[in-house]
There are 2 protein chains.
Amino acid sequence: MQSLEKEAQVANEYLSRVAKEAERKFDEHLPVEKDRPHRLHEAMRYSMFAGGKRLRPALVKAAFEMFGGKGESVWYAMSALEMLHTFSLIHDDLPCVDNDDYRRGKLTSHKAFGEATAVLAGDALCILAFELMGKTGNAKAIETLAHQLGTFGMIGGEMTDIECEGKTVDLEIVDYIHYHKTAALIEASLVVGSQLAQASEKDIEIIRNYGRSIGLAFQIVDDILDIVSTTEELGKDAGSDIEKGKATYPSILGLEKSRERARELYDESIQILEGLSCDTSILRAIAAFIITRVN
Amino acid sequence: MQSLEKEAQVANEYLSRVAKEAERKFDEHLPVEKDRPHRLHEAMRYSMFAGGKRLRPALVKAAFEMFGGKGESVWYAMSALEMLHTFSLIHDDLPCVDNDDYRRGKLTSHKAFGEATAVLAGDALCILAFELMGKTGNAKAIETLAHQLGTFGMIGGEMTDIECEGKTVDLEIVDYIHYHKTAALIEASLVVGSQLAQASEKDIEIIRNYGRSIGLAFQIVDDILDIVSTTEELGKDAGSDIEKGKATYPSILGLEKSRERARELYDESIQILEGLSCDTSILRAIAAFIITRVN
């Protein structure tokens, strides 16, 4: 476990460094509050600058650099991935969906700005993400990203998550939800970064599988943290999965078996990376970070 | 007026023909209900097949053909534009936004499927539109489309529309709302069709200005019809603009002056088309259709 934590520390440093650069770019790419519609621009910035690890932009950049990508287009994709993630959180938090009041220790968008503005702020972030992706000039990457995000990806996972609330579901359904709701966008971050770097189809397939493994691990750890952490540590209501009757790993396998499953997925992800001939150290570190994180 | 109605008849025939072909493509491009998440796919299809003139796809096709475009990519863009329009209607109808129960004579999405599903169905149509646009291989067209759709386009108009409800506003603001809420996507349809046909920058600028004129005319006629038509004729609640205190042309200029303004915009649009050297007959006919339509 010692070495796992050392690896995670490497990832932590990488994430902090990338987050700082990425946030400067978010600021450049987001519309300013002094432009009309002022309050909508304010709401978009409020949610984009509410903190967060900026994991998805970091994965875009890590994959891009690992495959020798050059040029500025990666920054558009990094902003786009964080905007898409933020869009999904804003809509998920809405009263008619998960009805959450806090996110990352701050009021959720609809609590701070009202529901109509929250709906439109989410929409606007999603649309702006595609405008930025358009600037990369890579239509194929746009198609991939939208596919991972749509009803066969993230949105499909969210919908099924809602439909299964309060129901008894089996592991196959929880896997479906987690792969789609969470892993799909994590996978997309890596694939888009690789596509922008002109990686080979074979390498993209490997990175995709790595993304699926760490993506599922990420959500299992999320489920575990929702149970074992305090609200203060999480910045959102702890224990809310149980309260809402959410389909989670611990609810089916229990905490210990869920931890084992996350560890297995970590091992799997490291093994998958062995198929690549480039320097995979950052991705290995990020996998370690994902299963050791505490918030 | 006789010749205007003849022109409109030409447009009517064109619209009917294109609508039939386009709807076959929507069916191909939309996910099927038997695939998970079933209910979400059902909701997407429900709104996409709720009728409508399919004006935006027709504008994509008309511009594409006018500039000599060849190939199948135009069908992706046509479906995309209708999906984006439908996405905007679903979210606009939500209880927290305009709170409408009927649209085109049918229950609105949230009335038929519940609010959470309506939010996600709108999101999913928006995302699928960009996936289809990705298939055109034209990243520049994607950037254009997203820009026209975002906070400096359609979403900006919707937000300002909501903010101005019940307030006394001047013509400058109503123009801002109408240009953004409605004209932006009409303009985008024409520009994207032209971009896919590899039209010149100069010609695209002309078609953009034509789009702005007929787009504004379209919304002014909408405002007028909301007052002079019955609910049955409109398929949605007539008189709802006044009830909601919406900022409209008739509320500021009165009916007669609004009609004059629509007619001026028509004349303007025909004049703009004179700058093109290709056959503009369909676009002239569509302009006539827009100001003579009764629903």
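How many residues of chain A are in contact with how many residues of chain B? In this predicted model, 47 residues of chain A are in contact with 47 residues of chain B, contact meaning heavy atoms within 4.5 Å.

Residues are numbered from 1 along each chain as its sequence is written, while chains are lettered from A and ligands numbered from 1 in the order in which they are written. The model is predicted, so that local features need pLDDT of at least 70 and side-chain atom pairs count only at pLDDT 80 or more, whereas totals for chains, interfaces and linings use all residues; side-chain values use heavy atoms, with hydrogens and water left out.

**Figure 1. Interface of chain A and chain B.** The area buried between the two chains is about 3900 Å², of which carbon and sulfur atoms give 73%; buried area is the accessible area (1.4 Å probe) that two parts lose on being put together, summed over both. On the side of chain A, R36(A), I127(A) and M159(A) lose the most area to chain B, together 17% of what that side buries. The model scores ipTM 0.97 and pTM 0.97. Chain A averages a pLDDT of 95, and 99% of its residues score at least 70; pLDDT is the predictor's confidence in each residue, from 0 to 100.

Figure 2. K135(B) and E143(A) meet in one, at 3.0 Å from N to O. R36(B) forms another with E172(A), the closest N and O atoms being 3.6 Å apart. Because R36(B) lies in the loop between α1 (2–29) and α2 (38–48) of chain B and E172(A) in helix α9 of chain A, this pair joins two chains. Helices (H or I, at least four residues) are DSSP runs, numbered from the N terminus. R36(B) is partly exposed at 28% relative accessible area, as is E172(A) at 47%; buried means under 20%, exposed over 50%, and partly exposed in between (1.4 Å probe, protein chains only).

Figure 3. A polar atom of its side chain lies 2.7 Å from the backbone oxygen of E82(A). Not counting residues up to four places away in sequence, T86(A) touches S47(A), M48(A) and L125(A).

**Figure 4. Salt bridges within chain A.** D222(A) and R293(A) form a salt bridge with closest N and O atoms 2.7 Å apart. D222(A) lies in helix α10 (residues 201–228) and R293(A) in the segment after α14 (281–292), so the pair ties together parts that are 71 residues apart in sequence. R293(A) counts as buried, at 7% relative accessibility. In helix α13 (residues 249–273), R263(A) and D267(A) are 4 residues apart, about one helical turn, and their salt bridge has closest N and O atoms 3.4 Å apart. A network of salt bridges links D98(A), D161(A), E165(A), K181(A) and K246(A).

**Figure 5. Helix α3 of chain B.** Spanning residues 55–66, α3(B) has 12 residues and reaches 16 Å from its first C-alpha to its last, close to the 16 Å expected at 1.5 Å a residue; the expected span is 1.5 Å times one less than the number of residues. The helix is mostly covered, with 11 of its 12 residues buried, among them L55(B), F64(B) and M66(B). G68(B), whose phi is positive, near 75°, follows α3(B).

Notes
Salt bridge = Lys/Arg side-chain N within 4 Å of Asp/Glu carboxyl O. Polar contact = N/O pair within 3.5 Å; in protein donor to acceptor, adjacent residues only side chain to side chain.
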